[in-house]
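Hi everyone, thanks for coming.

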Amino acid sequence: MTLKLRSVGASDRGLIRSGNQDAQHAGAWLVAVADGMGGMAAGDLASRIAIDAIAPLDVETPEDALVAALQGAIERATEGIRRAVEEDPERQGMGTTLTALLFARTGSCLALAHVGDSRAYLFREGVLKQVTRDDTFVQMLVDQGVITAEQASSHPRRAVVTQALQGDQVSPTYATMVPRAGDRWLLCSDGLSNVVRADTLTEVLGEGLDRDACAARLIDLALRAGGPDNITVVIADVVEE
């Protein structure tokens with residue numbers, strides 16, 4: 001049997017923000033989340049540029065072309081953001097995170113691209129693993145042993161991103177993995193991961209809910225936790241067909 005990707009995406013502006021600067025794509029071959037920053041209009045624009053740049057990858061792609069395809073899309077997104085800033089200097093400083101998974105046409109491989117503090121989690125055989133590493137100031141402190149991961153969750157500078165798509169040179173993380181039937185992927189903006197604990201994410205992902213219900217449940221939990229930021233969730237299941 002061939003492995004396929006089945007996905008659904010959902011987003012909510014939360015309870016505090018006046019608008020939603022997140023964007024997402026949930027397709028048959030590609031899933032992605034982008035979290036814009038740098039002012040209301042500019043944040044919206046940056047995340048949309050990133051998703052518009054990567055969305056054309058939602059087609060059958062050979063295994064050996066996955067990473068190159070993601071690299072090309074991120075280069076197009078970077079160029080698009082750079083041009084947008086040149087068109088309106090008031091957009092200076094705008095940017096976006098981007099976390100994306102691209103599934104090979106054979107179902108034998110998937111590739112990950114990541115920059116910023118949106119996250120990709122893999123729920124496999126009852127265990128949740130955070131696959132991405134946050135590009136943040138507090139993660140750098142954790143890596144250096146200055147603070148613990150628990151301290152990072154309440155650190156006053158936890159929202160400081162050290163790398164994002166802003167029109168300049170960037171060094172995204174790329175990785176490839178072998179998918180398994182039964183894998184469930186969660187991609188999300190920090191509007192979810194900052195307020196809903198990992199053990200709660202594990203519990204929800206393991207409840208056997210369908211993709212739509214799972215996404216809705218996670219957004220509801222973030223809202224119940226105060227919904228201080230935009231909340232975007234993509235649930236993607238690896239299935240046999």
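Let's start with glutamate 86, which is exposed at a relative accessible area of 54%. For that word, exposed means over 50% relative accessible area, buried means under 20%, and partly exposed is in between, with a 1.4 Å probe and protein chains only. Before going further: this is a predicted model, where local features need pLDDT of at least 70 and side-chain atom pairs count only at pLDDT 80 or more, while totals for chains, interfaces and linings use all residues. Residues are numbered from 1 along each chain as its sequence is written, and side-chain values use heavy atoms, leaving out hydrogens and water.

So what does glutamate 86 pair with? Its side chain meets that of arginine 82 in a salt bridge, 2.3 Å from N to O. By salt bridge I mean a side-chain nitrogen of Lys or Arg within 4 Å of a carboxyl oxygen of Asp or Glu. Arginine 82 is partly exposed, at 30% relative accessibility. Helices here are DSSP runs of H or I with at least four residues, strands are runs of E with at least two, and both are numbered from the N terminus.

Back with our opening residue, salt bridges that share partners join Glu79, Arg82, Arg83 and Glu86 into one network.

Now, which parts of the chain does the bridge between arginine 17 and aspartate 229 tie together? The N to O distance is 3.3 Å. Arginine 17 lies in the loop between strand 1 (3–12) and strand 2 (22–26), and aspartate 229 in the loop between helix 7 (211–224) and strand 11 (231–240), so the pair links parts 212 residues apart in sequence. Arginine 17 is partly exposed at 34%, whereas aspartate 229 is buried at 14%. Overall, the count comes to 17 salt bridges.

Finally, the whole chain. There are seven helices and 11 strands. Of the 241 residues, 50% count as buried. Along its principal axes, the C-alpha trace spans about 50 × 35 × 35 Å.
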